[in-house]
Amino acid sequence: MSPDFLTTCIIRAKQDSTISPSASYYFGLPSKPILVYRTGTPWKRPTGPEAYRIPKEARPVFDHPIADAWDELGPQVPDYLDSVKVMWTTIDIVRFAEVEKDPGPPVLWIGVKPGSLSRKDAEVAAIGCEGLLKKFEITNIEVAFRESLFTRLAGPKGPQLLKYVSSLHATADVRSPLTPALGLRIAAQATPYAEGTGALYIRESSNSKRVFILTARHVVLPPNAWPNKLYTHKNVSQPRHNVLLLGSKAFQDVLESIMVRIGQHAIMVSHYNNQLRELATGVAGDDEDDVIQANRERTKVESLLQEAKAAIDTLNEFHTEVTKYWSAESQRALGHIAYSPPISVGTGTKCFTEDWALIELDGEKIDWKAFKGNVIDLGTKISVHDFILKMYPNLTAATSFKYPSNRLLPLQGVVKDNELRHPTILDANGEPCLFVIKNGASTGVTTGRATGIMSFVREYFPNGNHETSKELAIYPYGYKDGAFSAPGDSGSIIADPMGRIVGLLTGGSGQTDSTDVTYATPFYWLLDERIKMQFPNSCLYYTSAKSP
């Protein structure tokens, strides 16, 4: 121990002469725990003008009879503490040494929840512990109680998910994957290459603090990496199967999207500068009308130039923030798998596919005051005008769809079996149609058309076996719109224009990697007949409900 360190400790101790003996005893330990009670030689805090506290260090115990007896003695200590209702948190065997001195006798060092144990009760419990030690003929050992909490050190949890911003903000699109909006790009930490999408927020019950993210099982427990059997996380001692926000590729895609947007604005800066040079000729001209017009245009272009430059600055700052706070996998840990039944096809009387998992969300990742619940960020890829026309193609038909001013479409309600089969909306040709929307990890926001006649899907395996299931089919909105989904979109939630939930995206079909038809499990069946069988009080997360 260096003299400088010891001098610093002495100076700090002299500056703090008001701390009680209970708070002074463990001076030098990182958390400075509060002593509740200890046996052994009474300790009194030094007094007087030269009084100071000498730091203590914790030392291990090896060569003592308690080491040989601990396998049998150890389990009896928590049993005894439980019998006298001590809310203990840790039990250690340790020695303490004052700086640059030999360590004292071993200590049965017991941590208790802060404020849970009085000195009098601690004294009684210490006498009982001494009785246990005597049974094993162990003497010259102290018993001490201090206030302490046990915390699992799983590494940094990383930052909270980002808040939503308006469409006018420079980062509106590129920050979306880092917000709580549905379409969460997720991957299991064990298989970060297998990426998919988080579907919905589901509460264990209206009064529970546990919030789950629904997704497809094969996203977080890929069949080629995990056996197809029930997975359930029952207690905190069980290893966690962590799930990340943004797998390896998705995170790099976010960084790339920011740089692409910076490049686009840089092109416009160059373009505006060229325009200003050309307008300078008009401003300096002889024709009065031309000069007035050139000045008007110059003012407008200068404003656009400043906006583009400001956007570049904002995006550069955002890129730095994302790189600093989200690069490590530990920073992107979103939660862990809580429950997932094995994948099955032709399940139940409806013969649908069962392919789902619930991820228990780490509460620290969400700013609950700003959280808007189950919302789909409609993004800016599809303009407001085009989006409205897609969802409202027949001007003579009634509709309640309104494009949300903040781009966030709230999800409330579920489309039931009858309406899946008999939709009430008409398309441009006057035909019944169920328009749908999803935000997936691969293709982002897309629109499509669901069909009311359930499809049959058969999957073939290398061993010659096959499995058959019924699925809800979704087709692209139109030939110019491209595929409704692609690999990586599994787990996306599919909703109608009114924000009612239609299904959970599970797969697609096509000759190549391109998807012609997207398949989904109807949500009314998944929620009522599968999820609620295991979590009977579960419900969709609504922001009107009490926050966890």
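Trainee: How many disulfides does the count come to in this structure?
Mentor: The model is predicted, so the answer rests on computed atom positions. A disulfide is a covalent bond between the sulfur atoms of two cysteines. The rule asks for a pair of cysteine sulfur atoms within 2.5 Å, and by this rule the number of disulfides is zero.

Trainee: Is Cys129 buried or exposed?
Mentor: The cut-off for the buried class is a relative accessible area under 20%. Cys129 has a relative accessible area of 2%, and therefore it counts as buried.

Trainee: How many salt bridges does the count come to?
Mentor: Side chains of opposite charge can pair when their charged atoms come close. The criterion is a side-chain nitrogen of Lys or Arg within 4 Å of a carboxyl oxygen of Asp or Glu. By this rule the number of salt bridges is 15.

Trainee: What is the N to O distance in the salt bridge between Glu98 and Lys101?
Mentor: Glu98 is partly exposed at 26% relative accessibility, and Lys101 is also partly exposed, with a relative accessible area of 47%. The side chains of these two residues meet in a salt bridge whose N to O distance is 3.2 Å.

Trainee: How many residues apart in sequence are the parts that Glu360 and Arg210 tie together?
Mentor: The side chains of Glu360 and Arg210 meet in a salt bridge, with N to O at 3.1 Å. Glu360 belongs to strand 15 (residues 357-361), whereas Arg210 sits in the loop between strand 8 (200-203) and strand 9 (211-215), so the parts tied together by this pair are separated in sequence by 150 residues.

Trainee: How many residues apart are Asp362 and Arg240?
Mentor: Asp362 forms a salt bridge with Arg240, and their closest N and O atoms are 3.3 Å apart. Asp362 lies in the loop between strand 15 and strand 16 (375-377), and Arg240 in the loop between strand 10 (231-232) and strand 11 (242-245), so that the pair links distant parts of the chain. Asp362 is buried at 9% relative accessible area, while Arg240 is partly exposed at 38%. The separation of Asp362 and Arg240 in residues is 122.

Trainee: What is the value near which phi of Glu137 lies?
Mentor: Most residues other than glycine have a negative phi, and most peptide bonds are trans. Glu137, found in the loop between helix 5 (119-135) and strand 5 (142-147), is exposed with a relative accessible area of 72%. Its phi is positive although the residue is not glycine, with a value near 55°.

Trainee: Where does Asn140, another residue with a positive phi, lie?
Mentor: Phi of Asn140 is near 55°, in a residue other than glycine. Asn140 is exposed, its relative accessible area being 58%. Its place is the loop between helix 5 and strand 5.

Trainee: Which residues form a negative surface patch?
Mentor: Membership of a patch requires over 30% relative accessible area and no salt bridge. Asp287, in the loop between helix 7 (248-283) and helix 8 (288-326), is partly exposed at 40% relative accessibility. The negative patch is formed by Asp287, Glu288, Asp289 and Asp290.

Trainee: How far apart in space are Trp326 and Leu178, C-alpha to C-alpha?
Mentor: Trp326 lies in helix 8 and is buried at 1% relative accessibility. Trp326 and Leu178 are 148 residues apart in sequence, yet their C-alpha to C-alpha distance in space is 9.3 Å.

Note on methods. Residues numbered from 1 in each chain as written. Predicted model: local features only at pLDDT ≥ 70, side-chain atom pairs only at ≥ 80, totals over all residues. Heavy atoms only, no water. Patch = residues over 30% accessible without salt bridge, like charges linked within 9 Å, V, L, I, M, F, W, Y side chains within 5 Å. Areas by Shrake-Rupley, 256 points an atom, 1.4 Å probe, with all protein chains shown as cover. Lys, Arg positive; Asp, Glu negative; His and termini not counted. Charge placed at Lys NZ, Arg CZ, Asp CG, Glu CD. Helix = DSSP H or I, 4+ residues; strand = E, 2+ residues; numbered from the N terminus. Buried < 20%, exposed > 50% of the residue type's maximum accessible area, 1.4 Å probe, protein only.
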